[in-house]
Amino acid sequence: MSIKRIGIMTGGGDCPGLNAVIRAVVLKAHAKGWEVMGIEDATEGLMDLSYRAPRGNRLLTPAMVDDILTRGGTILGTSNRSDPFRYVVDGKETDLSARAVENYRALGLDALISVGGDGSMRIAQRLGELGLSIVGVPKTIDQDLGATDYTFGFNTAVQTATDAIDRLRDTAISHDRVMVLEVMGRNAGWIALCSAMAGGAHVCIIPEIPYRLEPVIAKIRGRREQGQPFSLVVIAEGARPADGEQSFEGERQLGAMPKLFGAGYRLGAQLQPRLELEVRVTVLGHIQRGGSPTQFDRILGTRFGTAAVDAVEGGKFGCMVALRTPEIVTVPIAEACANERLVDPGGQLVQAARDVGICFGDA
Ligand code: F6P
């Protein structure tokens with residue numbers, strides 16, 4: 001099949017490295033003589049919902065992507081509540097997938113590169129079944145996609161969380177306090193675990209290891225008795241007490257994922273009356289999603305982008321590019337959707353953390 005025009009869209013939460021992918025796709029595709037149509041705000045642009053995607057779909061030239069490599073976010077905009085198969089119109093979930101297919105044809109696309117996390121990959125898979133020629137590119141700060149060793153965005157998010165721990169350490173030491181830092185990651189504890197290790201935290205609470213208060217209190221008290229009257233606690237937003245549930249905000253909104261909220265404050269409130277030290281809670285939130293990507297994420301995004309163009313040229317539709325260190329390979333999108341990558345509580349990484357004294361609240 002001879003390719004003349006491809007589309008690219010970014011879906012789900014933004015993360016550092018998206019612009020590196022867009023740039024790589026545009027540069028490589030143009031070198032082949034292809035046009036690249038930037039689809040605005042994920043599938044909202046694909047469905048041509050111009051009231052939701054006001055900047056509009058547009059052809060991307062090499063000049064337009066010349067200086068975006070170092071920028072966070074996505075120049076195309078994104079959305080994490082625009083599933084065409086259950087798009088919310090007038091308060092009701094409606095199937096607008098036919099509109100997406102129709103508009104894909106109207107835009108003259110020979111193929112579409114969809115950059116996103118698990119939700120976007122599921123949508124890509126279903127659009128592929130409706131006849132769209134789609135190649136996926138995995139992104140997420142959560143690092144929870146099964147089919148790839150790494151997603152870009154994660155490395156930058158861990159660096160941001162580590163920087164936060166480094167700063168919180170100063171206040172913890174100066175005031176003899178317990179500083180609790182809540183980080184993102186949804187159901188996966190990767191950001192919490194890796195930043196806790198990199199930042200030298202003393203307690204790390206992750207969704208994969210339900211926690212109890214007693215071991216956490218014992219750890220903090222033990223440190224105090226040994227002359228270290230401060231502690232750094234990292235908790236993932238998806239943390240789960242052994243005798244309770246994950247902490248969510250209010251009612252789930254139609255068309256959106258349930259919103260994790262309050263894990264850090266819940267832990268802080270539980271710890272404060274049981275400790276002689278002051279407890280303070282910081283929720284890092286979307287700061288983890290922004291900022292200039294690390295060199296790792298810039299390189300991975302660039303490799304994924306160029307590999308996605310190769311996949312289009314090779315007709316590998318229904319596939320996602322993935323890192324199987326050191327190679328970039330293609331895997332069926334279905335495989336990527338099937339496996340959520342979670343921290344292995346019995347794995348080497350957790351063991352290394354335990355070996356240097358990090359308490360997971362389970363023992
Ligand atoms: O999936 C990325 C992520 O940042 C999660 O870590 C977090 O739970 C969620 O998105 C937040 O989504 P929103 O931007 O809709 O608040």
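Predicted model: local features only at pLDDT ≥ 70, side-chain atom pairs only at ≥ 80, totals over all residues.
Reader: What holds the strands of a sheet together in pairs?

Author: Strands of a sheet pair through backbone hydrogen bonds, either parallel or antiparallel. Here, strand β8 (residues 177-183) pairs with β11 in the parallel sense, over 6 bridges.

Reader: Which residue in β11 is the bridge partner of E182?

Author: The bridge partner of E182 is V283.

Reader: In what order do the strands of the 7-stranded sheet stand, and what is their pairing?

Author: The order is β3-β2-β1-β6-β7-β12-β13; this sheet is also open, and its pairing is mixed.

Reader: Why is one side of β3 and of β13 left without a neighbour in the sheet?

Author: Both β3 (58-59) and β13 (327-332) stand at the edges with a single partner strand each, so one side of each has no neighbour in the sheet. For β3, 2 bridges join this strand to β2 (residues 35-38), and the two run antiparallel. Within this pair, M37 stands opposite L59 in β3. Helix α1 (residues 18-31) packs on the sheet and touches β1 (5-10), β2, β6 (111-116) and β7 (134-138). The direction of helix α1 makes about 175° with that of β1.

Reader: Let us turn to the ligand. Which residues are around the ligand?

Author: The residues around the ligand are N80, I141, D142, M184, G185, R186, E237, H286 and R289. By class, this shell has 2 nonpolar, 3 polar and 4 charged residues.

Reader: How many Å separate an oxygen atom of the ligand from an N or O atom in the side chain of D142?

Author: For D142, the distance is 2.6 Å. An oxygen atom of the ligand is likewise 2.6 Å from an N or O atom in the side chain of E237. For the side chain of H286, the corresponding distance between a ligand oxygen and an N or O atom is 2.9 Å.

Reader: How much of the area that the ligand exposes when taken alone does the protein bury?

Author: Taken alone, the ligand exposes 400 Å², and the protein buries 77% of that.

Notes: Residues numbered from 1 in each chain as written. Heavy atoms only, no water. Pairing = 2+ DSSP bridges. Helix = DSSP H or I, 4+ residues; strand = E, 2+ residues; numbered from the N terminus. Near = heavy atom within 4 Å. Polar contact = N/O pair within 3.5 Å; in protein donor to acceptor, adjacent residues only side chain to side chain. Areas by Shrake-Rupley, 256 points an atom, 1.4 Å probe, with all protein chains shown as cover. Nonpolar A, V, L, I, M, F, W, Y, C, P; charged D, E, K, R; others polar. Contact = heavy atoms within 4.5 Å. Axes fitted to C-alpha atoms, helices over the stretch in contact; angles between N-to-C directions.
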